[in-house]
Amino acid sequence: MARFINHLLSQAALERSLADEALTVYREINLLNEISLKLTSLLEIETLTKAVLDFAKKIKGADNTSILLLDEDNETLTIIAATGQEFSPKTELKAGEGIAGHILMSGKAEIINDVERDSRFIMGNNVIKSMICAPLKLKDRAIGLLNISSETRHMFTAKDLQYLSIIALQTAIAIGNAKYHREVINSLQSLLPICANCKNIRDDKGYWHQVEEYMRDHSDIQFSHTVCNDCIKDLYPELYEEIKSS
C-alpha cells in the first residue's frame, strides 16, 4: 500500500512538473509573439528603440538599458538609445574591446554578475556591477548589442538571459526592416537627372553614366540585354516578319 501511494504521489508530481513546463513554454511563445508583433510593426528607429528598451526594463535589477550599433566601418559601437543615468561623453568601444566588444565578436549572449572581476571589463563613466549583454544578429552577423546593467551587485538569472535574447533577436530583425524601409523611402524621394535623348543618368558629381552602369553601381541589379519587339521591327524588319508569322 505504501509503495502504491508513493507511486501515485510520484505520478502526481510528474504531472505537475509537466504542466509547469507546458505553461512555461506557452508563456514564452506568447511573449515571443507579443514582442514580434510590437517591434516588427514599428518602422521609425526612435520609436522602435524606445519600445525595445521598455521591454528590456521589465527585467528585475535593470537600472540601465542601452542599444548599441556598429558604425558603417564595423569598428566602433555607438549607443543609439538608452535609459538610466546619462553621462557625457559616452564610453566608446571597438569590436573586440571590453565585455561588450568581445560579446559582439563571439555572437553569444552572456550574464556577468560580477563585472569588476571580469578580465575584459573596461571602466567607464557608468557604475556597473552586474550585466546581461545580448548581440543583435541579422543574417548570422552581429550588428550591435542590447545591454542591461545593475548599479549594485545583482544575480541575473538564466531566465533573464533568455528573455533578453528573445528581445535582441526581434530587435535585430526590426532594425533591419526599419533601415530597409528608410532606404526605400529615400530612393522614392530622390530625383534622378536623366537625358531626354540618350537616357544617360547624371550622378551627384555631374558625370553622366549609362543606365546599366549607374544601376549596377548603386544597387544589386544585374542587366541582361535583349531587343524589344519595336526595336526588332526597326533594326531587323525581315527577322520581325519571320517572328510575327511564326
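Reader: What makes the pair Asp54 and Lys57 a salt bridge?

Author: The closest N and O atoms of Asp54 and Lys57 are 3.5 Å apart. A salt bridge requires a side-chain nitrogen of Lys or Arg within 4 Å of a carboxyl oxygen of Asp or Glu, so the pair qualifies. The model is predicted: local features need pLDDT of at least 70, side-chain atom pairs count only at pLDDT 80 or more, and totals for chains, interfaces and linings use all residues. Residues are numbered from 1 along each chain as its sequence is written, and side-chain values use heavy atoms, with hydrogens and water left out.

Reader: Why is Lys50 called exposed?

Author: Lys50 has a relative accessible area of 53%. Buried means under 20%, exposed over 50%, and partly exposed in between (1.4 Å probe, protein chains only), so Lys50 counts as exposed. Asp54, at 31%, is therefore partly exposed.

Reader: Which residues are linked with Asp54 in a network of salt bridges?

Author: Lys50 and Lys57 are linked with Asp54 in this network. The side chains of Asp54 and Lys50 meet at 3.3 Å, N to O.

Reader: What makes the pair Arg120 and Glu110 a polar contact?

Author: Their side chains make this contact at 2.9 Å. A polar contact is a pair of N or O atoms within 3.5 Å; within protein, one must be able to donate a hydrogen and the other to accept it, and residues adjacent in sequence count only if both atoms are side-chain atoms. The value of 2.9 Å therefore meets the distance limit of 3.5 Å.
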